[in-house]
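Look over the sequence and the structure below.

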Amino acid sequence: MAPLGKFTLSVIGLRLFGAAGFFWGMFLGHLLVDHSIVNKWIQNRLSELDDNLRLLLPYGFYKYYCRLDDNLFGKLWGAILGAVTFGWGGFITLFILGHILFDVRNNTLVKDAKKGFEHFWNRHWGKILGFILGYSLHNEIVLFAGIIIGFFADLYRLEGTWRNKLKINWLLGFWSKINPLKLALHSAEARKVSLIQSMAGLSAKVAKADGQVSENEIRTFKKIFDIQAGNNDKIARIFNTAKQSADDFEPYAFQLRLLAKDDLNLQESIIENLFKIAVADGRCGDAVLHIIRSVALIIELPEGNFEAIRKNFEVRTQASSLNDYYAVLGIWCNASNAEIKQRWKELINQYHPDRAQAKGADQNTIEAYTIKMAEINNAYQNIMKSRKTI
């Protein structure tokens, strides 16, 4: 899904405005779709459509649908986009391109090429913007000046020091309050840095809540976020300042709420990592649990997901109904949405009553499969509802 915005907007831009529109489409698609909450929203809606189709299709059609699964979207979208924008030539060209970009998922060469392309855009979009401005204005001076300015902008942005060196913190603070696209405009690097810094503050608060911050808790934090000694002075300062007291953890949590909005996997990862740090010294008292639960509420993690994660870090005495649903699917409660869905698809294929009938099974077996299918579908839907994905 990563190049969806660039793929779509560049084709539309090329059709409407020529080469300049193509470059602007690539740039805007990268910032406003591929690296924003828009991409996540599209993935969730497609997943919902896929779930509904699987629940409705009889096995005779379902088995053919499975063969098309994860191997249809790119070609279909490319064909429609190409036909609308460039006719038959566009239909054929974008059908092939859509297949390569979206439907070829297991080819190492294609995966490495897409990963490298995204990495290039993430590191160089300042220079790219300078080039596009000069190209659009047909001015070589603006083009070269834009690339040079973009070079320094990328350098400062990736080092995380450009705010201080340019002394424009006050301007950025004002802009963050009035900019309606502030989340969409954050690059992947900026979001990652902000995430780690906020987690550093929260981790220190969690570690302090049960008394002194232990070496195990510090070591666990560094291991989770791959923090090397002396590698990031700002993160160290945030952690050391925050560990003075367990109070005032809310600002860090609200920052994480902005970063994790509509991203259930990230919300779960935040809470799971806080529990890992909390139990690093063998203790997870009421004060710690209160902080982590409050963070879960602030970042809007569903209660069912929080309880499933919490129970994963304590001695289990009795399985909850939600854990029973996970047991039906035979998967861990901290599995990702993609892993849960993959397991659900495998079980549907295994226990579909139409398949048993086609193999000549007796009536008792078919009835048993029907009951099992209902149990599997009920478990999957309740798990997904608890994660707010249906």
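The sections below go from the whole chain to single residue pairs.

## Overall picture

This is a predicted model. The protein chain has 19 helices and 0 strands. It holds 390 residues, and 39% of them count as buried.

## Helices α1 and α4

Two packed helices are described by the angle between their axes and the distance between the axes. Helix α1 covers residues 4-34, and helix α4 covers residues 73-103. Their axes lie 12 Å apart and meet at an angle of about 165°. That angle makes α1 roughly antiparallel to α4, because the cut-off for this class is over 145 degrees. The crossing of α1 with α4 is right-handed.

Which residues make the contact? On the α1 side they are L4, F7, T8, V11, I12, L14 and R15. On the α4 side they include F73, W77, L81, F86, L94, L97, L101 and F102. G78, T85 and G98 of α4 also take part. The α1–α4 contact residues divide into 13 nonpolar, 4 polar and 1 charged.

## Salt bridges across the sequence

Side chains of opposite charge can pair when their charged atoms come close. The whole structure contains 7 salt bridges. One of them joins E300 and R257, with the closest N and O atoms 2.8 Å apart. This pair links distant parts of the chain, 43 residues apart. E300 sits in the loop between α14 (286-298) and α15 (303-312), while R257 belongs to helix α12 (residues 250-260). E300 is partly exposed at 38% relative accessible area. R257 is partly exposed too, at 33%.

A salt bridge also forms between E307 and R293, at 3.2 Å from N to O. E307 is in helix α15 and R293 is in helix α14, so the bridge ties together parts 14 residues apart in sequence. Is E307 buried or exposed? Its relative accessible area is 18%, so E307 falls under the 20% cut-off and is buried. R293 has 28% and is partly exposed.

## A bridge within one helix

E346 and R343 form a salt bridge in which the closest N and O atoms are 3.5 Å apart. Both residues lie in helix α17 (residues 337-351). They are 3 residues apart, so about one helical turn separates them. An α-helix has 3.6 residues a turn, so residues three or four places apart point the same way. E346 counts as partly exposed, with 39% relative accessibility. R343 counts as partly exposed as well, with 28%.

Some salt bridges share partners. Such bridges join R293, E303, E307 and R310 into one network.

## Helix α15

How many residues of α15 are buried? The count is 7 of 10, so α15 is largely enclosed by the rest of the structure. The buried residues are N305, F306, E307, A308, I309, R310 and K311. Two of these names return from the network above: E307 and R310 are both members.

Key: Residues numbered from 1 in each chain as written. Predicted model: local features only at pLDDT ≥ 70, side-chain atom pairs only at ≥ 80, totals over all residues. Heavy atoms only, no water. Salt bridge = Lys/Arg side-chain N within 4 Å of Asp/Glu carboxyl O. Helix = DSSP H or I, 4+ residues; strand = E, 2+ residues; numbered from the N terminus. Buried < 20%, exposed > 50% of the residue type's maximum accessible area, 1.4 Å probe, protein only. Axes fitted to C-alpha atoms, helices over the stretch in contact; angles between N-to-C directions. Parallel < 35°, antiparallel > 145°, perpendicular 65-115°, else oblique. Left-handed = near helix turned anticlockwise from the far one by under 90°. Contact = heavy atoms within 4.5 Å. Nonpolar A, V, L, I, M, F, W, Y, C, P; charged D, E, K, R; others polar.
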